[in-house]
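Thanks for coming. I will take one structure today and go through its sheet, a few loop residues and some helices. Please have it up on the screen as I talk.

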Amino acid sequence: MEHSDHHGGHPAPTGRYLYVLALAALGVVYGDIGTSPLYAMREAFREETGIAATQGNVLGILSLIFWALILVISIKYLGFVMQADNRGEGGMIALTALVAPMRTSTRGRSGALVLIGLFGASLLYGDSMITPAISVLSAVEGLEVATPLFRPYILPITVVILVAIFAVQSRGTAGIGKVFGPVTLLWFLTLGALGFAEILRHPDVLRAVNPLYGAEFFGRNGSAGFFVLGSVFLVVTGGEALYADMGHFGRRPIRMTWFGVVLPMLMLNYFGQGALIINEPEAVEHPFFLLAPDWALYPLVALATAATVMASQAVISGAFSLTRQAVQLGYLPRLTIEHTSARQIGQIYVPSVNWALMIACIGLVLGFRESSNLAAAYGVAVTTDMVFTTILFSAVARSRWGWSWARVGALAAFFLVVDLAFWGANIVKVPHGGWFPLVIAGMIFTLMTTWKKGRQILAARLHATTLPFDFFMKDVEMNPPTRVPGTSVFMYGNTDGTPPALLHNLVHNKVLHERVVLLTVETAEIPLVPPEERTEVIKLGTGFYRVVLRYGFTEDPDI
């Protein structure tokens, strides 16, 4: 069931180009998941969880973290979900378009799948607001570890950094992107080195790879142990990004980077934090920053801040791409979309979305005030998205690949047990901040479905009052108007009807040009339309031509 790893028909990358792509993927794709060590371990042992920092509990949490990364990222996303590519593209809208026509009615099975996909896409906007806020805030909080004197300045510094991140978006990510890969590589190597040094002092912590420690943790802590899964889940936030960014890099570089760099370095860091907590339980307040020697603390805060800027960039770019796809498919009104690169079609800037995200991020930082409080808002959106991804993937496996019901059912059941366990542990966060991404998603979902329905009603009414083009042609042939030199172009979405502008021109000016082009632009249910399928020209006779231009939902029509 392995599909070709290509984008737009190009062969899979090899040699030096593969490593260049892998380094770029490291900077863009893994920023979010790479900043989780800043807060994930700490959240598991917060006072509110009721989990004491004992050796047994630390080993249990580490076992859950290890198996979460293996089951959710390595097996589910990299092993299965990334096979469901829509001509090389991934992400919630691309997945939905694979399994159900996005233009379908929202009734019946296909309609239900479209609604699931749309709500899943809407949830990503909430994630795009929370990720920059929690990532940057948790990095800047490292200054407090150095000296309590910084405490009053943490929020102002965070807000300044967030404003700077959004202010440079209009310049595009091409320039910044060149340093993303190397800096993120340095970040992951630092994660590994800090953890490795602590593991050398307490190698017993490696026993936690045994899943029995996770099982014993649940048995020992009961319901408190189950709900701590909400904190453990923080280690896999960013899993959706691997799939969403597949079109930029392809499967092979993303997989190679995960198994070669990201997974080993994350594991070393988490196990290092665990070893530190076992030896010094009071380190549970800031286990990440306390892994570093005193002299390295300020450089580590600076590097962590740079890493969080990159994690933020990934979700902001994702929000821009998602917006363009929704606009192309008719789910959002036309917005100003600026291209920031002459060479890369994917590098775009949407001013209205950018400033809305900035205001939301600053509001979250000032409202929640601490990254621990923001962690409560984090997770609900992503776990819901992961459940939806499993449902849509199962539909693709059944309808597209012809898997048997038994095979689909067994795989879906396995993934849903994991997804729903995390979802159940996170849903209790709703009163403590988890409501925020759900409210944002609800608003955007309502906007998308209302706009689409309004467009359909308007199109139906226009269609009902449109003069069929066959009638118009017969009238022109029977009563030939005066023809003037030149070519006129009339745009109209209905290929069977007569453009109203053409009728008005003929009625008022009493003339037609020698050549009349009726231009229709269609958005296909695929990400990219091959150049040879872009244009269709039909000669209609008496100087009339119908031109149909087709674009994919990740492309911008250039008329």
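Let me start with strand 4 and strand 6, which pair in the parallel sense over eight bridges. Helices (H or I, at least four residues) and strands (E, at least two) are DSSP runs, numbered from the N terminus. Two strands count as paired if DSSP finds at least two bridges between them. Within this pair, valine 517 stands opposite tyrosine 545 in strand 6.

Before going on, the basis. This is a predicted model, in which local features need pLDDT of at least 70 and side-chain atom pairs count only at pLDDT 80 or more, while totals for chains, interfaces and linings use all residues. Residues are numbered from 1 along each chain as its sequence is written, and side-chain values use heavy atoms, with hydrogens and water left out.

As for confidence, pLDDT is the predictor's confidence in each residue, from 0 to 100. The chain averages 86, and 93% of the residues score at least 70. Confidence is lowest in strand 1, residues 338-339, at a mean of 73, and highest in helix 4, residues 55-80, at 96. Over residues 1-10 the pLDDT is below 50, and this stretch has 26 contacts in the model beyond near neighbours in sequence. A contact here means heavy atoms within 4.5 Å. Where pLDDT is low, the predicted coordinates should not be read in detail.

Which order do the strands take? Four strands form an open sheet in the order 3-4-6-5, and the pairing is mixed. Strand 3 and strand 5 (535-541) stand at the edges with a single partner strand each, so one side of each has no neighbour in the sheet. From one strand to the next, the twist averages 15°. For angles, axes are lines fitted to C-alpha atoms, for helices over the stretch in contact, and the values run from 0 to 180 degrees between N-to-C directions.

Strand 3 (residues 482-491) and strand 4 (residues 511-523) run parallel, joined by eight bridges. Valine 484 has histidine 513 as its bridge partner in strand 4, and phenylalanine 490 has leucine 518. Strand 5 and strand 6, on the other hand, pair in the antiparallel sense over six bridges. Glycine 541 is bridged to phenylalanine 544 in strand 6. These two strands form a hairpin with two residues between them.

Most residues other than glycine have a negative phi. How accessible is threonine 542? Threonine 542 is partly exposed, with a relative accessible area of 40%. The scale is: buried under 20% relative accessible area, exposed over 50%, partly exposed in between, with a 1.4 Å probe and protein chains only.

Lysine 510 also has a positive phi, about 60°, although it is not a glycine. Lysine 510 sits in the loop between helix 23 and strand 4 and is exposed, at a relative accessible area of 54%. Helix 23 itself, residues 500-509, lies across strand 3, strand 4 and strand 6, running at about 165° to strand 4.

After strand 6 (544-551) comes a segment that holds proline 557. Proline 557 is partly exposed, with a relative accessible area of 30%. Leaving aside residues up to four places away in sequence, proline 557 touches Gln328, Val521 and Tyr551. Proline 557 and glutamine 328 are 229 residues apart in sequence, yet 8.9 Å apart in space, C-alpha to C-alpha.

Now the helices. Helix 4 and helix 19 (residues 380-399) pack at an angle of about 35°, their axes 12 Å apart. On the helix 4 side the contact is made by Val72, Lys76, Tyr77 and Phe80, and on the helix 19 side by Met386, Thr389, Thr390 and Phe393. By class, that contact has five nonpolar, two polar and one charged residues. Ala, Val, Leu, Ile, Met, Phe, Trp, Tyr, Cys and Pro count as nonpolar, Asp, Glu, Lys and Arg as charged, and the others, Gly among them, as polar.

Last, helix 5, residues 92-99. Why call helix 5 largely enclosed by the rest of the structure? Because eight of the eight residues of helix 5 are buried. Among them are Met92, Leu95 and Val99. That is my list.
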